[in-house]
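Visitor: I would like to learn how to read the features of a model like this one. Where do we begin?

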Amino acid sequence: MKVLVLICLVSGVYGDGYGNGIAKVTISASDPISCFGFMSKYFPVRCQDNQDCNTSFTCGTAGRAALCGDETCAMPVGNPGQNFGIHTVNTSARPSGSMSNADVEDLFSSKLQAAFQAQKYDSFMDFAAVFYATSLDKYISAFQTDGVPHLLLSWKDETGQQWYSVLVQLAASQLTFELVSGTTPTVGSPVADVVQRLPSAVFTANQVSQQSEYIFQVLAVSKGCSNISDVTAFYEGEMGASVAHSQSIGDVTLRTFSLPGANAQVRFVQRGSGDTTGDFKVADLEKAKNEAHTMAHEDIFCGVDKWYDNHFAYDQRSSSLDSYRSSFDKNGRIYHIFGSCSSSSMTNMYVVDPTGEAIQLDGSWTSCPSGGSGDALQNACSQGTCSSYTPTSSCSSKLDTLCSSVKQENDVCSDCIYTRWSTFSSAGCRNADVVNYCVSSSPSPSPSPSPSPMPPSPSPSPSPMPPMPPSPSPSPVAHCDRCAYLVGEQCSGLSGRSCMDCAYSNRASWMPMGCTIPGCEDEVGAACSSSERVVV
């Protein structure tokens with residue numbers, strides 16, 4: 001136990017990240033490469049992993065970063081490691097409804113830049129990832145030097161403790177970075193904010209007093225909303241969350257929610273319609289996203305739109321995914337199940353909350369539902385299993401008349417249809433018809449691996465498989481469907497004892513992903529001894 005605590009303190013991993021609590025935040029972005037470049041320039045981040053860190057691939061582009069774990073910011077052996085992820089993706093073959101992600105980004109940029117110029121708060125700043133930094137000075141100085149618009153706030157929590165936040169737009173995206181510190185900045189002029197932006201408990205839970213100056217720690221994922229009562233009913237009644245903090249002041253109501261097993265919190269803020277510039281309000285954004293979900297959704301295995309990419313991941317062990325699914329069904333939620341319950345696919349669930357944002361739920365199934373397929377990013381051309389749907393004759397005629405030249409050409413084909421959706425919808429087409437008409441029957445290539453900051457280790461010579469190291473505590477019910485995938489992704493290039501040790505060192509993060517150690521030694525051993533690793 002003493003060794004484990006020492007490792008945590010040295011690496012800077014105090015709170016949430018891959019395999020534990022709120023694991024990452026993801027947004028749909030028209031230019032993920034620029035987003036990744038902005039993060040890399042100003043913040044302590046690294047590539048999430050070797051697979052699709054900062055690259056384009058068939059039907060998409062990804063800029064996927066993770067917080068540094070220490071001063072070296074080295075990518076862990078058996079990446080992605082356990083640090084919190086910040087992902088920006090553009091899944092180009094999927095619909096976005098009446099507004100593209102670029103349309104929404106333009107609105108965000110207009111509002112945020114006007115607010116930064118006026119040094120006042122805008123309700124669209126509530127769509128944020130909130131991190132603790134020991135000092136804000138170097139970030140404010142860098143923004144000032146480069147002319148990056150930002151807003152510095154001073155505020156107090158419910159105990160009267162003074163805090164400071166600097167807010168900056170992530171490139172031209174929908175996401176604001178909010179950096180919080182208890183240290184008074186020596187640069188910049190803070191604007192007083194009467195809102196208690198976070199409760200005192202979140203700073204204690206994340207041990208910010210022990211945090212290294214070289215890292216960030218995630219404190220919250222934050223969203224704006226138009227009806228906080230609906231949000232509260234969803235999080236308390238269906239997600240098992242509790243209200244950690246609530247404040248109403250003027251036309252602002254803020255609530256933070258604690259999810260079981262998470263140190264970071266989920267923050268929602270409802271503001272008056274006058275708290276943003278222009279005619280487009282938070283309620284309009286919610287309407288656009290929810291309409292896109294309704295248009296795309298066919299059933300729990302078929303139909304995924306781009307706004308599913310606006311999500312955070314919740315890696316949890318408190319409840320089976322079956323129990324969440326039952327609750328969502330009872331309340332008529334839209335959700336999608338990815339994965340086929342096989343050893344080569346992770347089977348998880350994305351649920352849409354009342355605001356149109358999504359939650360990626362990772363964990364274990366008691367009875368894994370059959371009928372699903374693919375992965376949200378690794379199979380970016382697909383929207384799941386839609387083969388049971390047959391188009392009407394009028395739809396087939398319209399598809400062949402207008403888009404036959406690009407049939408089965410993935411996003412080129414879907415662009416032909418979605419950009420004229422009213423025409424196809426009037427002909428009786430539904431989203432499943434687009435998927436079946438456009439998605440190539442040949443498997444889409446996985447995202448091309450990005451260059452790794454570390455050279456790959458040479459594969460050692462095969463050796464007899466050693467036993468898995470013993471576990472000091474009783475094991476939970478084993479779920480092994482994801483072991484082959486995880487070994488291939490995070491222990492690539494290793495075999496024998498080295499591969500088994502890699503798997504064992506990742507046991508905490510692998511359990512909610514579908515590989516329970518101890519319990520899955522046979523599956524891990526088979527994957528480690530295989531000459532053909534499963535890598536996607």
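Guide: We begin with burial. A residue is buried when its relative accessible area is under 20%, exposed when over 50%, and partly exposed in between. Keep in mind that this is a predicted model.

Visitor: Are Cys 395 and Cys 429 buried or exposed?

Guide: Cys 395 is buried, and Cys 429 is buried too.

Visitor: What joins Cys 395 to Cys 429?

Guide: The general idea comes before the case. A disulfide is a covalent bond between the sulfur atoms of two cysteines. Here, a disulfide joins Cys 395 to Cys 429, with an S to S distance of 2.0 Å. The torsion about that S-S bond is about 105°, so this disulfide is right-handed. The pair links distant parts of the chain, 34 residues apart. Cys 395 sits in helix 9, while Cys 429 is in the loop between helix 11 (421-426) and helix 12 (431-438).

Visitor: How many disulfides does the structure hold?

Guide: The structure holds 8. Let us read two others.

Visitor: Why do Cys 403 and Cys 416 count as buried?

Guide: Apply the cut-off: buried means under 20% relative accessible area. Cys 403 counts as buried because its relative accessibility is 0%. Cys 416 is buried because its relative accessible area is 13%.

Visitor: Now the pair of Cys 341 and Cys 368. Is the disulfide left-handed or right-handed?

Guide: The torsion about the S-S bond is about -90°, so the disulfide is left-handed. The S to S distance of Cys 341 and Cys 368 is 2.0 Å. The pair links distant parts of the chain, 27 residues apart. Cys 341 is in the loop between strand 16 (335-338) and strand 17, and Cys 368 in the loop between strand 18 and helix 9 (393-403). Cys 341 is partly exposed, at 24% relative accessible area. Cys 368 is also partly exposed, at 29%.

Visitor: Back to helix 10. What does the side chain of Asn 410 have 2.9 Å from one of its polar atoms?

Guide: The backbone nitrogen of Ser 440 lies at that 2.9 Å distance. Asn 410 belongs to helix 10 (residues 410-418). Asn 410 is buried, with a relative accessible area of 11%.

Visitor: Which element gives the most to the lining of the largest cavity?

Guide: Helix 13 does, with 4 residues. Elements that give two or more residues include strand 1 (21-28), strand 5 (85-91) and helix 13 (483-490). At least three lining residues come from each of domain 1 (20-284) and domain 3 (482-529).

Visitor: How do the residues of that lining divide into nonpolar, polar and charged?

Guide: The lining of the largest cavity has 12 nonpolar, 7 polar and 10 charged residues.

Methods. Residues are numbered from 1 along each chain as its sequence is written. This is a predicted model: local features need pLDDT of at least 70, side-chain atom pairs count only at pLDDT 80 or more; totals for chains, interfaces and linings use all residues. Side-chain values use heavy atoms; hydrogens and water are left out. Ala, Val, Leu, Ile, Met, Phe, Trp, Tyr, Cys and Pro count as nonpolar, Asp, Glu, Lys and Arg as charged, and the others, Gly among them, as polar. Domain bounds come from an automatic or database domain assignment. Buried means under 20% relative accessible area, exposed over 50%, partly exposed in between (1.4 Å probe, protein chains only). A polar contact is a pair of N or O atoms within 3.5 Å; within protein, one must be able to donate a hydrogen and the other to accept it, and residues adjacent in sequence count only if both atoms are side-chain atoms. A disulfide is a pair of cysteine sulfur atoms within 2.5 Å.
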